[in-house]
Amino acid sequence: MDPNYPTRRYFLFAGKKIRKNLSGASESNISDAIPNQTYLKKRTKLRRLQMADDGSASNRRDPIKSSVGNVAGQRRRQQAVTVAKERRESLVRAKRLCRVGTNGGDDEDAFVENEMMIDEEQPVLEAQTVKAVEELKSAVQSQGKGVMQKRVTALRELRRLLSKSEFPPIDAALSAGAIPLLVQCLSFGSPDEQLLESAWCLTNIAAGKPEETKALLPALPLLVAHLGEKSSAPVAEQCAWAIGNVAGEGEELRNVLLSQGALPPLARMIFPDKGSTVRTAAWALSNLIKGPESKAAAQLVRVDGIVDAILRHLKKTDEEIATEIAWIVVYLSALSDIATSMLLKGGILQLLVERLATSDSLQLLIPVLRSLGNFVSVDPKAMLTILVGGQNTEENIINVLAKCLRSEHRVLKKEAAWVLSNIAAGSIEHKRMIHSSEAMPLLLRLLSTSPFDIKKEVAYVLGNLCVESAEGGDARPRIIQEHLVSIVSGGCLRGFIDLVRSPDIEAARLGLQFIELVLRGMPNGEGSKLVEGEDGIDAMERFQFHENEELRVMANSLVDKYFGEDYGIDE
């Protein structure tokens with residue numbers, strides 16, 4: 001089982017269930033999904049999204065026969081932690097420190113030490129950092145003429161050292177007592193330049209290890225206070241950046257920030273139409289609301305004007321801002337039913353489909369795909385009610401998802417297949433639209449040629465296309481024979497049997513479910529011959545003494561029923 005790919009709706013053997021996606025890209029391919037150059041303007045660890053411990057229980061899928069009503073909301077909340085772990089692991093490999101200030105910087109700030117220091121120079125850097133903290137301490141204690149400039153100079157030197165290396169000397173700065181000095185320099189009434197440099201230092205310290213990030217606790221009240229309208233835009237943005245890094249470190253620190261009132265001023269910072277401040281605030285806001293608890297998401301949607309701001313930014317052409325906003329939508333659609341309803345009423349599906357159709361930005365397409373999948377899971381009927389350019393939205397969605405299936409980016413293929421699996425698990429109209437679309441040959445090819453994680457997602461799509469929803473709790477779903485014959489004729493059976501041979505329990509179950517459909521549903525009883533021809537009997541017999549009781553019973557029952565003692569006698 002892949003813990004990075006939570007809840008979906010599917011009904012192959014019996015029952016149906018919802019899968020709400022917050023992740024998708026596996027640890028092995030997420031670095032391809034988020035190229036380094038995209039975030040060069042970001043500061044610090046940028047989205048080190050360490051989440052609360054996501055134990056195996058929270059990642060475990062529900063039984064096949066669970067109902068939509070029982071699992072939809074619960075699974076969305078349980079799986080809200082998954083994307084954070086994945087994005088943390090990807091972005092931690094490419095930490096980015098604050099190299100250009102939020103005010104754009106001058107020639108001095110755009111310093112030339114762009115090359116990372118080699119390991120041998122680290123002790124020198126640490127010694128310089130200790131000295132810089134001592135200089136700052138002296139400047140803070142000084143009185144008289146020129147003291148403000150002396151403080152700014154000392155702060156700038158400390159910030160420069162904390163920004164210079166790929167592995168900044170954070171521990172040296174903390175051990176030398178930097179935090180109390182930086183907090184003092186953040187006091188109200190200080191010049192903007194001093195405030196900016198102080199917040200910048202704290203931003204880069206927050207890029208460190210968890211215990212280093214927690215060292216910012218004394219600074220959090222002032223960082224939150226400087227988010228207000230009385231602060232200049234560069235100072236507020238730099239404080240938002242520091243808060244975003246703190247929020248990304250874990251649920252405990254997020255709760256502290258929420259209790260100190262960080263969310264409302266951050267939310268108001270995304271109200272303007274453009275600017276780096278909006279982008280930074282949106283990123284920090286996505287870190288603050290990402291769960292696993294839903295209280296922050298619920299609090300966010302109560303901020304007057306926030307839904308309108310989200311929809312407005314998704315309409316704009318600025319893809320960097322739209323990317324950060326789309327991550328907010330991912331978390332809102334996973335954690336808040338109220339937010340989901342409000343966004344759907346605001347027409348967000350159309351905006352997401354338009355973004356998916358017109359953008360080539362991988363960083364934007366990933367959260368857009370995940371948001372779409374979440375909305376389809378919650379309210380599949382919503383697809384039937386919104387029209388785009390005279391066509392049903394689902395038709396447009398299927399076309400743009402087919403574009404993603406053609407992409408050379410592995411993560412887009414997997415995300416697109418996941419969304420299609422949710423659409424395919426909907427009404428018979430949804431199934432027919434996918435089956436008659438340009439996505440079908442792509443799906444059949446991907447089942448045969450793609451890596452395992454994509455193959456499994458594609459198998460869900462194809463399996464869902466072959467059955468209607470079971471009405472009764474224990475009733476088997478009715479097979480859509482036309483779809484089943486077409487898909488099997490397309491050569492997919494070998495791909496499903498390969499899944500049966502997989503050590504992945506979920507994939508093996510999925511393969512067995514499809515084999516059952518073939519044995520039960522192919523006309524003229526030809527299913528048995530098809531399965532035998534692809535060595536399906538051998539694949540099922542490996543479960544004869546398997547430790548998983550469900551798979552053992554399923555496989556043995558199929559072999560006994562369709563390949564018993566009388567099998568082949570007529571021939």
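Which residues does Gln122 touch, not counting residues up to four places away in sequence?

Modeller: Gln122 touches Ser165, Phe167, Pro168 and Pro169, once residues up to four places away in sequence are set aside. Keep in mind that this is a predicted model. Gln122 belongs to helix α5, which covers residues 122-141. Its relative accessible area is 15%, and because buried means under 20%, Gln122 counts as buried.

Helix α5 also comes up in the packing of another helix, α8. The buried residues of α8 pack against α5, α6 (147-164), α7 (170-175), α9 (192-205) and α11 (220-225). Helix α8 spans residues 178-185, and six of its eight residues are buried, so the rest of the structure largely encloses it. Those six are Ala178, Ile179, Leu181, Leu182, Val183 and Cys185.

A disulfide is a covalent bond between the sulfur atoms of two cysteines. Searching the whole structure gives zero disulfides. Cys185 is in none, and the nearest cysteine sulfur to its own, that of Cys201, lies 8.7 Å away. Seen from the other end, the closest cysteine sulfur to that of Cys201 is in Cys185, and 8.7 Å is too far for a bond. The cut-off for a disulfide is 2.5 Å between the sulfur atoms. Both residues are covered: Cys185 is buried with a relative accessible area of 1%, and Cys201 is buried at 0%.

The buried residues of α29 are Leu493, Gly495, Phe496, Ile497, Leu499 and Val500. They pack against α26 (439-449), α27 (452-465), α30 (505-521), α31 (527-533) and α32 (536-541).

Helix α19 (residues 337-345) has two sides to consider. Ala339, Thr340, Leu343 and Leu344 are buried there. They lie on the same side of α19, because the arc they cover around the axis is only 130°. Ile338 and Lys345 are exposed on the other side of α19. After the helix comes Gly347, which has a positive phi, near 85°.

Two cavities of 30 Å³ or more turn up in a search of the whole structure. The largest cavity holds about 60 Å³ of space. Its lining is made of Glu251, Arg254, Asn255, Leu258, Leu288, Ile289, Gly291, Pro292, Glu293, Lys295 and Ala296. Two or more residues of this lining come from each of the elements α13 (251-259) and α16 (295-301). With four residues, α13 gives the most to the lining of the largest cavity.

Val303 is found in the loop between α16 and α17 (306-315). With a relative accessible area of 14%, Val303 is buried. Leaving aside neighbours within four places in sequence, Val303 is in contact with Leu263, Ala267 and Phe271. Val303 and Leu263 are 40 residues apart in sequence, and their C-alpha atoms are 9.2 Å apart in space.

For the chain as a whole, the secondary structure comes to 33 helices and two strands. Of the 571 residues in the protein chain, 60% are buried. Among contacts with a separation of 6 or more, 76% are between residues 24 or more positions apart.

Finally, the confidence of the prediction. The average pLDDT of the protein chain is 79, and 74% of the residues score at least 70. Over residues 106-116 the pLDDT is below 50, and this stretch has 16 contacts in the model beyond near neighbours in sequence. The pLDDT is also below 50 over residues 385-390, a stretch with 11 contacts in the model beyond near neighbours in sequence.

Key. Residues numbered from 1 in each chain as written. Predicted model: local features only at pLDDT ≥ 70, side-chain atom pairs only at ≥ 80, totals over all residues. Heavy atoms only, no water. Buried < 20%, exposed > 50% of the residue type's maximum accessible area, 1.4 Å probe, protein only. Contact = heavy atoms within 4.5 Å. pLDDT = per-residue confidence, 0-100. Arc of directions from axis to C-beta. 1 Å grid on protein atoms, 1.4 Å probe; cavity = no way out; pocket = protein on both sides within 12 Å on 5 of 7 lines; lining within 4 Å. Points joined across faces, edges and corners; volume = space filled by probe spheres on them.
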